[in-house]
Amino acid sequence: MPPTCSTHGTIWALFGHRLAIESPEGRVLVDLGPEGARALALTGATLTPGDAIAVTGERKPSEIKAIAITAPDGTRHAIARPRPEDGDAGQADPTVAFAALRKAGFQVEGEARRRPKHFEIRARKDGGYVEAHVTFAGVIRKTKALSGAAAPTG
């Protein structure tokens with residue numbers, strides 16, 4: 001694994017799954033990745049310009065690829081960065097996917113359907129049913145609302 005770096009600063013701009021901070025080293029672009037941004041949002045953490053944060057990640061020439069972020073309230077959030085090996089059959093354990101969904105507040109409904117790089121799992125949250133796509137590393141890639149789903153199907 002490449003060496004990591006850490007910095008801290010104040011958010012001055014948000015760009016989708018990236019944010020820019022004013023740090024002691026100057027302005028730094030931080031990439032959470034689409035999956036990382038979604039996972040962070042599912043924890044209920046919100047980031048806005050003016051927030052003071054700390055970031056740990058892999059330094060690239062133009063940005064830091066975040067692997068952890070400390071929110072303004074002091075809570076440290078791991079940012080999952082799926083790697084190509086996340087699709088390896090040897091790492092396909094549905095209990096990891098179930099745990100990720102439960103941690104995000106979902107109630108798992110039914111079995112996991114294995115796909116080449118993720119599981120598809122029917123889950124429920126806030127009274128609605130979704131089909132969740134969860135990588136073998138436990139990253140919730142997306143959720144798709146299931147219309148008209150009032151009760152679990154076999």
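Buried denotes a relative accessible area under 20%, exposed over 50%, and partly exposed the range in between, with a 1.4 Å probe and protein chains only. The views show a predicted model, in which local features need pLDDT of at least 70 and side-chain atom pairs count only at pLDDT 80 or more, while totals for chains, interfaces and linings use all residues. Residues are numbered from 1 along each chain as its sequence is written, and side-chain values use heavy atoms, with hydrogens and water left out.

View 1. K65 is partly exposed, at 22%. The side chains of E63 and R18 are joined by a polar contact of 3.2 Å (a pair of N or O atoms within 3.5 Å; within protein, one must be able to donate a hydrogen and the other to accept it, and residues adjacent in sequence count only if both atoms are side-chain atoms). Beyond four places in sequence, E63 is in contact (heavy atoms within 4.5 Å) with R18, L29, D31 and E58.

**View 2. A97 in helix 2.** Helix 2 spans residues 94-103. A97 is buried, with a relative accessible area of 0%. Leaving out residues up to four places away in sequence, A97 touches F119, I121 and V134. The C-alpha atoms of A97 and I121 are 8.4 Å apart, although 24 residues separate the two along the chain.

**View 3. The hairpin of strand 7 and strand 8.** Strand 7 (residues 107-114) and strand 8 (residues 118-125) run antiparallel and are joined by five bridges; pairing requires at least two DSSP bridges. Three residues lie between the two strands, and R114 stands opposite F119 of strand 8. A salt bridge connects R124 and E109, at 3.3 Å between the closest N and O atoms. This pair links strand 8 to strand 7 across 15 residues. R124 is partly exposed at 27%, whereas E109 is buried at 11%.

Conventions
Helices (H or I, at least four residues) and strands (E, at least two) are DSSP runs, numbered from the N terminus. A salt bridge is a side-chain nitrogen of Lys or Arg within 4 Å of a carboxyl oxygen of Asp or Glu.
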